[in-house]
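Please walk me through this structure in plain terms, one part at a time.

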Amino acid sequence: MSKINLRQLSTRDAGFEREFARLLDRTPATDPKIEATVKEIIADVRARGDDALVEYTRRFDRRVLSSIAELEIPRQRLREAARALTKEQYEALANAAERIRSYHERQRAESWSYTEPDGTLLGQQVTPLERVGLYVPGGKAAYPSSVLMNAIPAKVAEVHELVMVVPAPEGEVNPLVLSAAHLGGVDRVFTIGGAQAVAALAYGTQSIPRVDKIVGPGNVYVTTAKRLVFGAVGIDMIAGPSEIVVLCDGQTDPEWIAMDLFSQAEHDEDAQSVLISLDEAFTGKVRAAIEKLLPGLERRDIIQTSLEARGALITAASLDEALALVNRMAPEHLELSLENAPEVAKRVHHAGAIFLGRYTAEAVGDYCAGPNHVLPTSGTARFSSPLGVYDFQKRTSLIHCSADGASCLGRIASVLSRGEGLTAHARSAEYRIKK
């Protein structure tokens, strides 16, 4: 492997702002051909339902099928998959599930109300979504952690039915994924994938129930489909490539930092890994650690491409300057590998998840710490939050006027609605005003 061409910047450099702006440019690329293909698939599934799903599954997943019924996995098979795991695998999966459930149970919102002196009741009624669809990538990839992170908060919210779709090329489904579906409380599982699975969940077919919201990651076809069906159905988010920013004071083992940067770069070539260091000599040590450790990694080619295309080692002149860069980036994952990390975290305004201290690797957040690993990317942490129980609950306003309250509010509504020229509004409220 040739020497890695990783950009190294300093806030003192004359051209720093120009180079930093390049790092911030995370505008997702759109391919008109992909969008056109996805639109055709969605229209076809809406028109032909199950027949279209069987046809696409035969073509894309190389399956021999006679009917749609063969695409549903019975719950008994999920239980059997869990029982067939090794003891170590099952305990790891079960422990992760319990930690994720324990964390998310603290997020559940409850209905509330209060009564005003005149007897008018105001409040909010919180109810779960009826049915949610969970997309899980399939094939050679295995993402049981994604199943747990999406299914468990939905079940904590008491979603009535959770429908999972997962592609199964040549009929293969990873047993860890099926086991996670069992532990996560998934109600139904269909082995379909791609844009056709998203369309089926969004609009329903003869056999696939229509859902109220679709969550879970997928490839560019799945992401495009989610974007196109939004409005007919809710979605979690349009996720971009994975990101990590590590802010370090120079006192952590540089090999730890290098491996933390690798942990996101190995996702794919478009992932972004950035170190912001307060010590220029330490920045050089991390670079040396990267050169040393990278050749021994299985996904070294992906990591190198990611680091060279979108990574950076930045030296900041002060903590204030470093935090300003962090808040401008609004990263998906932020490690504060420094002293007094909890206090420093209070100055972070934009981040999907913050990992505090030298011993908190981002990787534990991906799998088992408890907080959700479905996080805002591409700077959307400026206005978005991690996936949570609240994403599977609806809030409905409650207004119950007493006779006195209706009279009082009616006078206010009358003035305002007449000011807007909406006289039917005004007269509706005025009927209830006491003479």
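Helices H2 and H8 cross in a right-handed sense. In this predicted model, their axes lie 9 Å apart and the packing angle is about 45°. Angles from 65 to 115 degrees would count as roughly perpendicular and those under 35 as roughly parallel; H2 and H8 are therefore oblique to each other. On the H2 side, the contact is made by Val 38, Ile 41, Ile 42, Val 45 and Arg 46, while H8 contributes Ala 195, Gln 196, Ala 199, Ala 200 and Tyr 203.

H2 (32–48) and H8 (194–203) are also among the elements that cover the buried residues of helix H3. H3 runs from residue 50 to residue 61 and has 12 residues. From its first C-alpha to its last, H3 reaches 16 Å, close to the 16 Å expected at 1.5 Å a residue. Which residues of H3 are buried? They are Asp 50, Ala 52, Leu 53, Val 54, Tyr 56, Thr 57 and Asp 61. Just after H3 comes Arg 62, which takes a positive phi of about 55°.

The crossing of H6 and H7 is right-handed. Where they meet, H6 supplies Pro 144, Val 147, Leu 148, Ala 151, Ile 152 and Lys 155, and H7 supplies Leu 176, Val 177, Ala 180, Ala 181, Leu 183 and Gly 184.

Next come the sheets. Strands of a sheet pair through backbone hydrogen bonds, and the pairing can be parallel or antiparallel.

Val 246 has Glu 335 in E13 as its bridge partner.

Another open sheet consists of three strands in the order E3-E4-E15, with antiparallel pairing. Its edge strands, E3 (112–115) and E15 (393–400), each pair on one side only. The twist from one strand to the next averages 15°. E4 (residues 121–128) pairs with E15 in the antiparallel sense over eight bridges. Gln 124 stands opposite Ser 397 in E15.

The loop between helix H15 (362–367) and E15 holds Ser 385. Is Ser 385 exposed, partly exposed or buried? Its relative accessibility is 46%, so Ser 385 counts as partly exposed. Leaving aside residues up to four places away in sequence, Ser 385 touches Met 237, Pro 376 and Tyr 390. Ala 330 is 55 residues from Ser 385 along the chain, and the C-alpha atoms of the two are separated by 11 Å.

Definitions and conventions
Residues are numbered from 1 along each chain as its sequence is written. This is a predicted model: local features need pLDDT of at least 70, side-chain atom pairs count only at pLDDT 80 or more; totals for chains, interfaces and linings use all residues. Side-chain values use heavy atoms; hydrogens and water are left out. Two strands pair if DSSP finds at least two bridges between them. Helices (H or I, at least four residues) and strands (E, at least two) are DSSP runs, numbered from the N terminus. Axes are lines fitted to C-alpha atoms, for helices over the stretch in contact, and angles run from 0 to 180 degrees between N-to-C directions. The expected span of a helix is 1.5 Å times one less than its number of residues. Buried means under 20% relative accessible area, exposed over 50%, partly exposed in between (1.4 Å probe, protein chains only). Contact means heavy atoms within 4.5 Å. Angles under 35 degrees count as roughly parallel, over 145 as roughly antiparallel, 65 to 115 as roughly perpendicular and the rest as oblique. A crossing is left-handed if the near helix is turned anticlockwise from the far one by less than a right angle, and right-handed if clockwise.
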